[in-house]
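Trainee: I have a structure open and want to learn how to read its features. Where do we begin?

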Amino acid sequence: MDITWYLVLSAFIFAIGAAGVISRRNPLVVLLCLELMLNAGNLALVAFSRMHGSEAGQVFALIVMVIAACEVVVGLGIIVAMYRNRLPIDIDEMSELRG
Amino acid sequence: MSATSYGWLVLAFPLAGMLIIALGWRVLPGRLPGWIGTAAIFLSFLASIGALVDLQDHPEDERQLVDRAWTYAASADFSADVAILVDPLSVFMCLVVSGVSFLIHLYSVAYMSGDRGYARYFAYLNFFVFSMLLLVLAANFVILIIGWAFVGAASYLLISYWYRRETAVRAGIKAFVINVIGDVALVVAAFLILDKIPSLDFLTVFEGAGAAFGQNDGMLVAACVLILVGAFAKSAQLPLHTWLPDAMEGPTPVSALIHAATMVTAGVYLIARMHPLFELAPTAADVGAIVGCATLVFAGTVAVVVTDLKRVIAYSTISQIGYMVMGASIAAYGAGLFHLMTHAFFKALLFMGAGSVIGAMAGIQDMDRMGGFRRAMPFTFVTFTIGALALAGFPLTAGFFSKDEIIAFAINRGDLYAVLAIFGYIGAFLTAFYAFRMVFRVFLGEAVPEARELEGGHLAHGDPVNPMTGEPEDTDVGFPGPEHHVAEQAWPMKAAMGPLALLAIVGGVVAIPGVSDILEKFLEPTFEDSRFHDTAPTTGAEVWGLVVGGLISILGIGLAWWVYVRKPGTAARARERFAWLHRFLVNKWYFDELYDAMFVRPVATIGGFSKRVIETEFVQGTIVGGATGVVRVGSTFARAIQTGYLRAYALLLLLGVAALTLYFLLNSS
Amino acid sequence: MWFEQVLFFVAGIGALGGALGVVLLQNPFYSVLSLVGHLLGLAVLFLLLNAEFLAAAQVVVYAGAVMVLYLFVVAYIGGADVPLRPESGGVAMFGPLFAGAIAVELCIAFIASGLQALDTQGADIARPENADQFGTPGAIGELLLTDFLLPFEAASFLLLVAAVGAVVLARRRRGLEDAPVSTGPTRPRDEPPPAETLEVRV
């Protein structure tokens with residue numbers, strides 16, 4: 001397949017993930033959608049790496065995966081802390097930055 | 001030393017006194033500021049004598065000396081210098097001003113002691129004397145106007161001396177505003193003269209006036225009328241007289257100095273100095289004479305009914321200056337200035353006596369509450385009576401010779417002036433009456449409690465109140481001090497009043513018709529260019545005038561004795577029968593109400609309108625409020641973005657990315 | 001070669017379907033499972049792009065470890081039935097709109113790009129010296145330890161920090177469980193203050 005197909009697919013996945021981040025209220029699902037966007041980026045990276053014939057893109061994608069894992073861990077920690085303090089698990093309630 | 005050097009010294013001493021007191025008041029203990037001020041004026045008086053002596057050494061036609069210090073302002077073909085003119089007229093004024101000021105300073109050393117603002121008082125007083133001397137020694141219009149303005153400022157400072165007293169502050173503002181009218185008139189007059197004669201030096205202007213202006217030239221008449229307006233404002237003549245009675249809010253020595261002996265005579269000096277111009281514009285001179293005459297009658301009628309002791313003397317001042325203005329306007333310069341001198345003596349004396357009585361009354365000034373002080377205050381009684389006799393023109397006092405000489409001159413010139421002379425005699429009758437009204441009401445009759453206390457050797461004390469409104473006060477700075485002084489107990493007051501009493505009796509010797517004409521000859525170098533120089537009345541006519549005047553004054557004193565001593569209820573009964581007249585006079589012919597309606601209220605309305613509409617609504621509301629309102633609305637919009645919703649922020653991020661991508665997409669294609 | 005294309009489409013549709021499932025499914029549990037499916041589809045796509053090691057890492061680490069962690073947390077918290085259309089409709093309606101706009105822009109960028117290499121299947125990776133070396137674990141490992149050592153070490157440091165941070169965030173605070181609900185974020189902001197302070201004011 002031409003590289004273009006992979007890139008177009010990655011664009012679609014990215015868009016779906018972005019729409020999900022904004023539409024969903026459950027922070028867990030928001031994090032999942034963030035994962036979607038990251039994965040779309042990974043796909044694009046790997047496609048370009050194949051295009052150039054250099055593995056640098058794959059290494060990049062690997063590091064992105066590591067970062068995604070860290071971010072998931074911290075995000076989940078926050079959600080667990082929210083749950084522990086009996087806060088409603090709802091993004092819209094977290095409006096302390098209001099001003 | 002030359003006469004002009006003495007002239008500069010005359011100015012320098014009061015200025016130095018003022019600076020020393022004003023800058024060093026914190027370190028000068030007790031009464032020392034008072035003594036410094038008094039010494040400064042005494043030195044100034046000595047310098048005036050020195051100038052006099054030196055001036056007389058000059059030959060007769062060289063007695064108008066000008067000395068320039070530096071150029072004050074210079075432009076195309078005009079220059080004004082800081083220069084003084086030492087001639088008989090200015091030396092005469094210097095002697096009168098510095099001499100009487102010295103005695104009043106001496107009086108104040110005791111009278112004002114105990115007041116918290118003692119040093120400030122003497123600094124102001126010295127400043128005033130400096131300004132007055134600058135005014136009379138000025139050699140050109142510029143310095144004259146500077147001195148004129150300073151004198152107005154000093155008057156304001158001293159009237160509102162007790163600055164926490166609201167009535168005093170308002171009186172000071174009133175005086176200042178009316179004086180400014182005169183200042184403006186004087187400046188415009190100077191412009192009118194400068195228009196035709198390219199110099200403002202007095203001698204140059206006087207010499208060139210005949211050539212530049214014709215007889216009764218419109219512009220010259222206008223300039224002279226404006227000079228008269230300035231003179232009337234400063235000398236409290238109709239219609240600009242309303243400030244002087246209110247100016248009695250100031251301390252009594254201030255009233256004595258500024259509003260009797262010196263400042264208010266500046267107008268008379270001005271007319272006398274400008275006599276070449278007035279003789280070229282007889283219309284203006286007539287205006288001056290008529291206004292002076294009207295004023296003296298008006299003030300006399302009001303003085304007959306007013307009950308505040310100081311205000312009686314104030315109206316008397318207005319009346320007597322009416323005589324002087326009339327005299328100077330009809331070219332009786334010697335007589336007018338002679339009356340200026342004697343008036344300074346006896347009016348200052350009367351005020352000093354009044355101050356002593358007010359001190360005995362613990363600050364009360366209402367004559368209705370006074371009576372029978374003659375046993376408690378013998379010295380004050382005697383000196384006050386001497387002053388009243390001089391004021392009334394009792395035969396052989398100084399006032400007798402001076403006042404009646406003016407009237408004799410008026411009769412001599414005939415026509416209109418003879419009519420004025422009749423009013424002059426009416427005024428003289430009223431003067432004698434109210435002068436002794438004061439004497440009889442205050443010193444004769446039943447002794448009031450304060451008098452009886454004083455006879456026992458103890459000075460009465462009351463709660464400090466505002467003498468006009470009765471409002472309670474305290475004795476801290478800005479209000480009168482806790483001490484009251486009477487002449488019998490304070491030697492500086494006696495030392496000041498004594499010489500004045502003496503002068504009020506013997507001061508007439510300088511101009512007894514037919515016997516001595518020292519004053520006339522002395523002033524001749526200034527006035528010899530007058531057209532009326534040789535129209536002085538003959539000795540016989542003058543003697544007749546004196547006789548008539550003396551009779552009138554005795555009649556007036558007699559009537560006062562009848563009303564107030566012989567038949568004590570007469571005044572009350574007259575007041576009832578002529579209640580409407582009494583009301584009219586007591587309200588000062590309703591001048592204050594008239595000015596209030598004509599000027600004060602419209603200006604206040606405009607001011608209120610400006611404040612309410614223009615300032616508050618327009619400037620603050622629209623312009624300032626509009627600017628802040630726009631910012632506030634904008635910031636409200638901007639603040640709406642800070643919702644705190646994470647999703648909104650995320651949406652904005654997304655939007656930004658989409659926009660950026662679009663931009664790059666468009667650019668690269 | 002038709003096999004490759006069929007596989008691409010199958011994996012692609014799987015990935016897309018998984019993505020849609022994540023966004024549209026109500027129950028977060030199902031969303032997680034849907035993401036796992038999506039990751040598997042992505043792993044096949046990586047394989048098609050000769051990224052063997054990455055595909056394996058994706059399956060083992062991402063789908064295997066991270067998603068399992070996710071499942072634990074979802075099980076702990078419990079799924080809530082949250083409607084997809086929330087009250088603040090304005091914000092959420094624009095999300096798909098802008099996301100679609102980005103997708104369209106990117107597609108335009110990719111398809112209409114002048115980059116000719118995009119129309120190929122990629123560079124020639126069958127080099128004589130290291131044929132069949134592209135994307136192998138050995139090649140990746142060599143790069144990680146030579147050219148990309150610094151990012152590698154930084155990433156591992158980041159992992160450490162994230163782990164410690166997560167522990168700190170989620171630990172149980174002693175005694176706080178029994179404290180009364182008085183201050184801080186446990187009280188909704190718009191409630192009036194408790195009665196005790198009102199009495200003090202009076």
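Mentor: Begin with buried area: the accessible area, taken with a 1.4 Å probe, that two parts lose on being put together, summed over both. The size of an interface is often given this way. Here, chain A and chain C bury about 7,400 Å², and carbon and sulfur atoms give 75% of that area. Met1(A), Arg50(A) and Arg84(A) supply 11% of the area that chain A buries against chain C, more than any other three residues.

Trainee: What sort of model is this, and how are the labels set?

Mentor: This is a predicted model, so local features need pLDDT of at least 70 and side-chain atom pairs count only at pLDDT 80 or more, while totals for chains, interfaces and linings use all residues. Residues are numbered from 1 along each chain as its sequence is written, chains are lettered from A and ligands numbered from 1 in the order in which they are written, and side-chain values use heavy atoms, with hydrogens and water left out.

Trainee: How many residues of chain A are in contact with chain C?

Mentor: Contact means heavy atoms within 4.5 Å. By that rule, 72 residues of chain A touch 89 residues of chain C. A salt bridge is a side-chain nitrogen of Lys or Arg within 4 Å of a carboxyl oxygen of Asp or Glu. A polar contact is a pair of N or O atoms within 3.5 Å; within protein, one must be able to donate a hydrogen and the other to accept it, and residues adjacent in sequence count only if both atoms are side-chain atoms. Between chain A and chain C, the salt bridge count is zero. Eight residue pairs are in polar contact there, both residues at pLDDT 80 or more.

Trainee: Which helix gives the largest share of the side of chain A that touches chain C?

Mentor: Helices (H or I, at least four residues) and strands (E, at least two) are DSSP runs, numbered from the N terminus. H3(A) gives the largest share, 23 residues. Helices H1 (3-23), H2 (27-52) and H3 (56-84) of chain A each supply at least two residues. Now sort by class. Ala, Val, Leu, Ile, Met, Phe, Trp, Tyr, Cys and Pro count as nonpolar, Asp, Glu, Lys and Arg as charged, and the others, Gly among them, as polar. This side of chain A has 49 nonpolar, 13 polar and ten charged residues.

Trainee: What is the buried area between chain C and chain B?

Mentor: About 990 Å², with 81% of it on carbon and sulfur atoms. On the chain C side, ten residues are nonpolar, two polar and one charged. In contact terms, 13 residues of chain C meet ten residues of chain B.

Trainee: How many salt bridges does the structure hold over all chains?

Mentor: Twelve. One example pairs Asp87(B) with Arg273(B), with the closest N and O atoms 3.0 Å apart. Asp87(B) sits in the loop between strand S2 (78-86) and H3 of chain B, and Arg273(B) in helix H11 (residues 266-273) of chain B, so the pair ties together parts that are 186 residues apart in sequence.

Trainee: How do I read empty space?

Mentor: Rolling a probe the size of a water molecule over the atoms shows where empty space is left. On a 1 Å grid over the protein atoms alone, a cavity is a set of points where a 1.4 Å probe fits but cannot get out; a pocket is an open set with protein on both sides within 12 Å along at least five of seven lines; lining residues have an atom within 4 Å of a point. Grid points are joined across faces, edges and corners, and a volume is the space filled by probe spheres set on the points. The largest pocket here has a volume of about 1,100 Å³. Of its 32 lining residues, Lys174(B), Ile178(B), Thr242(B), Asp246(B) and Asp592(B) lie nearest its centre. H6(B) gives the most to the lining, with eight residues. By class, the lining has 17 nonpolar, five polar and ten charged residues.
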